[in-house]
Amino acid sequence: MTEVLPSGGQLMVVATPIGNLGDLSPRALDLLASADVVYCEDTRHSRTLFSAHHITPRHRLLALHEHNEAALSLEVVERVARGELVVLISDAGTPGISDPGARVVAAVAEAGLRVSTAPGPTALVGALTVSGLATDRFVMEGFLGRKAGERARSYAAWRREARTIVFYESPQRLATTLAELAREFPSRRVAVVRELTKLHEEVLRGTLAEVAEEVARREVLGEIVVVLEGGAPAAAVDEEVLSAALGEAMAGGATLRDAVAGVVDAFGVAHRETYELALRLRAGGAT
Ligand code: SAM
């Protein structure tokens, strides 16, 4: 292989494995071994990666994490300006993807200095590509907000989101998130991708209703990415049409909850508004 290490000062954003250590590219290895300084999230964690690959760094290994990234950006800029090869890694995957990195990259770029990358693993792309869902257009949501209101706002926006939606989720919150999503979009397809490139790698595929039910029944552990099918592009649906559909379902014996779920699914409309409409209908009020 020809040697492709950069000369002159620059910041290299280097991807590291998300599980399988064999996913560290030869170029990433060269950069880690020869950089003047490597910034990482957690020095102990990254030393494990170095020793697994028998890298004896000639550089300094320094911690750059979400709490000191802003403060350290100037230091990184100064090093690059002095002609140093500065490598940035995170604990796993690609720096800047739900990890520190974006601010320091912006600072170096704004100073007119060179930023490049040794690209590689990221759970986002890995999960998307094994999901079985459309990969031509997608949107990455990072981690969902923890507050009910933030999540409700995300779900409302996803109703009109035609692109595939990708987000990171913790195992503790997965069942709740899927149950919430299944109420909103029961028939949308979803892939829950966990432990990619590791021993217990697994992909659960199905409709949201199916996968939410499975996850409610058994514990799903490990690192998780959720990939959700996009919806039909927004088409305004007349409230009279919705009232008629709700009225018909309830007259046919459906519970209010089932009638709402059916209409939400059929018309791609918001759950909360449809539920309120159904309550008004049941109370005998006009729409
Ligand atoms: N920078 C990383 C990347 O490029 O994917 C992401 C860092 S973020 C702090 C960590 C989250 O990524 C985990 O909570 C999980 O949602 C996801 N993740 C990381 N490794 C994973 C893996 N091997 N399988 C599935 N998801 C993974």
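Guide: Contact means heavy atoms within 4.5 Å of each other, and the buried residues of α8 pack in this sense against α7 (171–184), β8 (189–194), β9 (202–207) and β10 (224–228). This is a predicted model, in which local features need pLDDT of at least 70, side-chain atom pairs count only at pLDDT 80 or more, and totals for chains, interfaces and linings use all residues.

Visitor: What makes α8 a helix, and which of its residues are called buried?

Guide: Helices are DSSP runs of H or I with at least four residues, strands are runs of E with at least two, and both are numbered from the N terminus; α8 covers residues 208–217. Buried means under 20% relative accessible area, exposed over 50%, and partly exposed in between (1.4 Å probe, protein chains only), and in α8 the buried residues are L208, V211, A212 and V215.

Visitor: How do you know on which side of α8 they lie?

Guide: Taking the directions from the helix axis to the C-beta atoms, they cover an arc of only 100°, which puts them on the same side of α8. On the other side, E213 and R217 are exposed.

Visitor: Why are β6 and β9 said to stand at the edges of the sheet?

Guide: Two strands pair if DSSP finds at least two bridges between them, and the open sheet runs β6-β7-β10-β8-β9 with mixed pairing. β6 (138–143) and β9 each have a single partner strand, so one side of each is left without a neighbour in the sheet.

Technical notes
Residues are numbered from 1 along each chain as its sequence is written. Side-chain values use heavy atoms; hydrogens and water are left out.
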